[in-house]
Amino acid sequence: MQSSPEEARRAAAEEIQWSRPECQAWTGMLLLGTCLLYCARVTMPVCTVAMSQDFGWNKKETSIVLSSFFWGYCLTQVVGGHLGDRIGGEKVILLSASTWGFITVVTPLLARLGSAHLVFMTFSRILTGLLQGVYFPALTSLLSQRVRESERALTYSTVGAGSQFGTLVTGAVGSLLLEWCGWQSVFYFSGGLTLLWVCYLYKYLLSEKDLLLALGVLAQGLPMARPSKVPWRQLFRKPSVWAAICSQLCSACSFFILLSWMPTFFKETFPHSKGWVFNVVPWLVAIPASLFSGFLSDHLINQGYRTITVRKLMQVMGLGLSSIFALCLGHTTSFLKAVIFASASVGLQTFNHSGISVNIQDLAPSCAGFLFGVANTAGALAGVVGVCLGGYLIEATGSWTCVFNLVAIISNLGLGTFLVFGQAQRVDLIPAHEDL
């Protein structure tokens with residue numbers, strides 16, 4: 001008796017999925033990788049004041065260095081997802097981490113090459129952004145192919161918690177190193193740890209043969225890789241695909257606005273407050289919130305709830321409820337309440353890991369990296385625009401309320417689109433008679 005094409009496809013997918021011990025090992029390593037990615041990413045902001053004093057940068061020059069990371073970050077999202085789908089996300093992550101770790105380590109040396117400090121630092125940050133831009137799309141591609149559907153939310157949210165943890169590590173350890181050993185030591189610390197992680201990953205979890213094969217494919221050009229059988233034209237005709245992209249765009253944009261303007265809001269609204277409180281507490285809340293959202297999502301699916309119902313519930317929490325707390329943040333005069341509202345808003349936004357981020361894997365596991373890259377590129381660009389618009393609104397109105405209103409509008413736009421058009425059925429399968 002011959003098996004149906006659907007049964008054959010499921011059997012093939014199960015063959016490449018990780019066993020439970022493999023999944024646990026990779027989850028731990030990728031959690032650490034995400035942590036180190038953010039350690040390297042926030043090293044420059046932590047060292048900016050000290051570097052500005054050393055090199056005589058003004059505010060405009062400092063902003064050029066800080067923003068240059070995103071110039072590169074926006075350009076490689078789609079490329080990273082496509083490479084992950086074609087040669088394997090774990091190989092893309094290893095290759096990119098080894099290069100961004102090296103660049104981070106040599107950044108202090110680049111700063112001393114000549115008198116053009118601003119040019120060298122801007123170039124260094126652009127390169128770091130280019131290399132880190134491939135990480136999350138490649139990660140999405142990897143998890144969509146190697147993790148069982150019933151475990152994807154917990155795995156993704158666990159790995160995603162590394163972003164908050166990495167921010168805390170660099171903020172705490174980096175501040176001490178900055179005070180004791182100078183700003184150069186912070187770059188050596190974050191870059192050196194990344195290179196150690198790369199060595200461990202290469203030695204214990206990756207096959208040397210597969211990595212060499214991937215390098216050969218890249219050297220010869222992507223056409224030498226396995227041919228793509230994804231019906232792109234039909235994929236982008238699906239409302240559920242556009243709903244996922246729109247929701248990811250809105251969640252990224254609202255997150256960037258909060259991330260960029262919350263510290264300034266607290267500093268101006270509560271000038272006598274302790275900076276470490278509002279810079280640390282929301283991220284401490286976000287770590288367990290991210291883990292809980294993944295556990296809750298997978299538990300509900302294993303209890304028999306429809307996958308799309310659970311994904312939409314996560315988005316109601318991640319975009320809807322979080323935006324309510326953001327609105328409350330703009331209408332309080334109490335520092336304690338403001339910290340609570342900020343922590344709740346940031347913490348609830350981590351539920352997006354178990355909602356829209358996993359939904360992209362539900363829709364198209366064969367090209368999840370590419371789709372996530374498209375959505376994250378749009379989100380990063382929208383985030384830059386949103387941050388600038390927030391600054392304009394503050395200048396024009398003199399009120400912080402309008403910024404949090406903007407966050408709520410963007411969040412609920414993405415939520416409404418996903419609630420109406422979101423689905424969880426696969427849309428990347430080639431139909432029997434493809435319309436070309």
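Modeller: Let's start with a definition: a disulfide is a pair of cysteine sulfur atoms within 2.5 Å.

Colleague: Okay, so how many disulfides does the structure hold?

Modeller: The structure holds zero disulfides. The cysteine sulfur closest to that of C246 is in C250, and at 4.2 Å it is too far for a bond.

Colleague: Before we go on, what kind of model is this?

Modeller: It is a predicted model, in which local features need pLDDT of at least 70 and side-chain atom pairs count only at pLDDT 80 or more, while totals for chains, interfaces and linings use all residues. Residues are numbered from 1 along each chain as its sequence is written, and side-chain values use heavy atoms, with hydrogens and water left out.

Colleague: Thanks! How many helices and strands are there in the protein chain?

Modeller: The protein chain has 19 helices and zero strands. Both are DSSP runs numbered from the N terminus: helices are H or I with at least four residues, strands are E with at least two.

Colleague: And what percentage of the residues is buried?

Modeller: Of the 436 residues in the protein chain, 53% are buried. Buried means under 20% relative accessible area, exposed means over 50%, and partly exposed is in between, using a 1.4 Å probe and protein chains only.

Colleague: Where does C246 fall, buried or partly exposed?

Modeller: C246 is partly exposed, with a relative accessible area of 21%. C328 is also partly exposed, at 30%.

Colleague: Let's talk about the core. Which residues touch the most other members of the largest nonpolar core?

Modeller: Those are L30, F136, F266 and L329, in a core of 87 residues. Helix α13 supplies the largest share of this core, with 12 residues. A second, separate core has 12 residues, among them W57 and W183. A nonpolar core here is a set of buried Ala, Val, Leu, Ile, Met, Phe, Trp, Tyr and Cys residues joined through side-chain atoms within 4.5 Å.

Colleague: What is F266 in contact with?

Modeller: Setting aside neighbours within four places in sequence, F266 is in contact with P271, S273, F278, L329, F335, A338, V339 and A342. Contact means heavy atoms within 4.5 Å.

Colleague: How many aromatic pairs turn up in the whole structure?

Modeller: A search of the whole structure finds 24 aromatic pairs. One of them is F265 with F266, an edge-to-face pair at 5.2 Å centre to centre with 70° between the planes. Both of those residues, F265 and F266, are buried. Rings of Phe, Tyr and Trp (its six-membered ring) pair if their centres lie within 6.5 Å; planes under 30 degrees apart count as stacked, over 60 as edge-to-face and the rest as tilted.

Colleague: What about F270 and F335, how are their rings arranged?

Modeller: Their centres are 5.5 Å apart and their planes are at 70°, so that pair is edge-to-face. F270 lies in the loop between α13 and α14 (275-302) and F335 in helix α16 (residues 335-349), so the pair ties together parts that are 65 residues apart in sequence. F270 is buried at 10% relative accessible area, whereas F335 is partly exposed at 25%.

Colleague: Which residues do ring pairs link into a cluster?

Modeller: That cluster consists of W261, F265, F266, F270, F335, W400 and F404.

Colleague: New topic: where is Q77, and is it buried or exposed?

Modeller: Q77 is in helix α5 (residues 77-87) and is buried, with a relative accessible area of 0%. The side chain of Q77 makes a polar contact with the side chain of N376 at 3.1 Å, and reaches the backbone oxygen of G133 at 3.4 Å. A polar contact is a pair of N or O atoms within 3.5 Å; within protein, one must be able to donate a hydrogen and the other to accept it, and residues adjacent in sequence count only if both atoms are side-chain atoms.

Colleague: Last one: how many residues of helix α17 are buried?

Modeller: Eight of the eight residues in α17 (residues 356-363) are buried. They pack against α8, α9 (152-181), α13, α15 (307-329), α18 (368-397) and α19 (401-421).

Colleague: And S251, what does that residue touch?

Modeller: S251 lies in helix α13 (residues 239-269). Leaving aside neighbours within four places in sequence, S251 is in contact with L319, N352 and I356. I356 is one of the buried residues of α17.
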